[in-house]
Amino acid sequence: MSEPESELSSREVEHVARLARLGISPDEVLRYRDQLRNILHHIEALNRADTSKVPATAHPLDERNVMREDRRESCLEAEEALRNAPSREGSYFKVKAIQE
Amino acid sequence: MRLFQRTIRDLHQMLVDREISSVELTESVLEQIGHVGDQTKAYLLVTRELALKQARAADERLRSQRDVRPLTGIPIALKDVLCVKDVTSTAGSKILKGFTPPYSATVVDRLEAEGAVFLGKTNCDEFAMGSSNENSGYYPVHNPWALDRVPGGSSGGSAAAVASGEAIAALGSDTGGSIRQPAALTGIVGFKPTYGRVSRYGLIAFASSLDQIGPMTRDVADSAVLLQAIAGHDRRDSTSSPKPVPDYLAGLDQGVKGMRLGVPKEYFVAGMEPAVEQSIRDAIRLLEQQGASIEEVSLPHSDVALPAYYIIAPAEASSNLARYDGVRYGYQAEGGRNLIEQYMLTRQAGFGAEVKRRIMLGTYALSSGYYDAYYLQAQKVRTLIIDDFKRAFEKVDALLGATSPTVAFPLGAKTQDPVAMYLNDIITIPANLGNVCGISLPCGLADGLPIGLQVIAPGFREDTALRVAYAFETATEFHKARSPLMGAAA
């Protein structure tokens, strides 16, 4: 297991914000960098625990692969699903072009 | 005693005896909201018309004695993370401003079927992320015991509503302590059931492997009544448990005689206020006098629960909150040359600072090169925490400790320091990671501010947690203390 880098850089903050589709101002980059550094510093304590022989818990329950009967059911009507849309055209959500 | 000051069980009796009507009761609570609502800011939305309509329907049901249930005609507040069909539900976030869900959460459907009365949507930290309610996208909540103090979070509005007489009971949600910690800080009872006990369908998701809905009430018996109404399998939530739901009221008064209660030594954390520690030690002694045998136990990985939580919860949140893109619902920013830019502008303006912090923390922990060191390691630590509880519960029936290491702190005291804020949840987080249940109940006051005792029981042993809590409550008067705001209106 590789050791996480101790200091988060401004470039990494910008990269993470981009991955998360979060617009971020130059001021915010600096503020989040310092705050996240501090939080990550406390999170390093995780490595105190010896987990070499421990399986990961992804989910707390015993139940697996919950299936229902394959039967047709009613679902949300298009009008209902669209009624909160900020922007629509006919029975579609309207979005900007993905490329300019 | 005024109607809005009473408990569910009292009021149920009065309604059944036709001593009062649900409309009278609902008006009493709405009037109290009118009196103190500007001071607590407990609600984001008061659904006055809906409440009175439901109250009239409940009165009809009571009059005809048709399917009268324990919650028929009882005014209840709902945390704003719960979807109510056609009623604005925002999760305390500007990104969902004006959103009206096309369907209701299962817990909402169940309360409606009981004939409960919905007072409105309570304020909370944005997307339930916070421990003080100061992360609300709208305005902070003030503690009814001292208006310059926080009510705790994230279910701070629900807690303040119950503590100020602005609701008879409320629902909250708890991902790392968000029901129990505000309950402790406002002198009420808050119960986080075991993950899977209550359906999460229609709960606006924060961290899907940890979130759980639960009751916030004036006493332990009311907590049992409200849990009874919402617990049980739901085919619309595949993570809800098919285990049968016991009768929570039936075993309530069996007492603690012969029970084995454990005190985790790790739960007396550094920085715990002396008055809190003293109250908890007194509470433990009292339960011993009631016939329980007390022993010290160890949950050795408690110190790594908080760091594990602050990887797992933000990681899940970063994924859950990806859906807020301004396309299908909610706020959409103007401008942006293309779709990606519009996403980024929408999310920049729509989310508050703490939500952005957690999205970035979670995205970072899941990103290439860091996954093993952070996320996978945190999931392994989660296994260790589950095993800690399993070992402890081989020896004892339930665990006792404080809910919060401190009483309510002043507004603004921790807003500049995220880590200090996160430490509020140091003794509530393990129950979420460990998949057990925990209840907080009043056990004292320090300089007029409430202190909460936490009782933790094994997974799906809500009956045990309630039994211990009820034994403590019936032997003490702490739950009868009322906040100045609730009392002043009498």
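## A strand pair to start from

B:Leu399 has B:Ile456 of S11(B) as its bridge partner. The two strands involved are S9 (residues 398–402) and S11 (residues 449–457) of chain B, antiparallel over four bridges. Strands pair here if DSSP finds at least two bridges between them. Helices (H or I, at least four residues) and strands (E, at least two) are DSSP runs, numbered from the N terminus.

## Basis of the model

This is a predicted model: local features need pLDDT of at least 70, side-chain atom pairs count only at pLDDT 80 or more, and totals for chains, interfaces and linings use all residues. Residues are numbered from 1 along each chain as its sequence is written, and chains are lettered from A and ligands numbered from 1 in the order in which they are written.

## Chain B overall

Chain B has 16 helices and 11 strands. Its radius of gyration, taken over C-alpha atoms, is 21 Å, close to the 23 Å that the globule rule gives for 490 residues, so chain B is as compact as a globular protein of that length. The rule is 2.2 Å times the number of residues to the power 0.38. The C-alpha trace of chain B spans about 65 × 50 × 45 Å along its principal axes.

Of the 490 residues of chain B, 65% count as buried (20 or more other C-beta atoms within 10 Å of the residue's own, with C-beta atoms placed from the backbone).

## The sheet

The 11 strands form an open, mixed sheet in the order S1-S3-S2-S4-S6-S5-S10-S11-S9-S7-S8 (chain B). S1 (43–46) and S8 (293–297) of chain B each have a single partner strand, so one side of each is left without a neighbour in the sheet. The twist averages 30° from one strand to the next.

Strand S6 (residues 212–217) of chain B is mostly covered, with six of its six residues buried. Five bridges join S6(B) to S4 (residues 169–174) of chain B, antiparallel. B:Gly172 is paired with B:Gly214 in S6(B). Two bridges join S6(B) to S5 (residues 189–192) of chain B, also antiparallel. There, B:Gly190 stands opposite B:Met216.

## Contact with chain A

The contact takes 58 residues from chain B and 50 residues from chain A. Two residues are in contact if their C-beta atoms, placed from the backbone, lie within 7 Å. Elements giving two or more residues on the chain B side include helix H9 (305–320) and helix H12 (371–395) of chain B. H12(B) gives the largest share, 13 residues. H12(B) also lies across S7 (260–264), S8 and S9 of chain B, at about 140° to S7(B). Axes are lines fitted to C-alpha atoms, for helices over the stretch in contact, and angles run from 0 to 180 degrees between N-to-C directions.

Terms used
A residue is buried if 20 or more other C-beta atoms lie within 10 Å of its own, exposed if 12 or fewer, and partly exposed in between; C-beta atoms are placed from the backbone.
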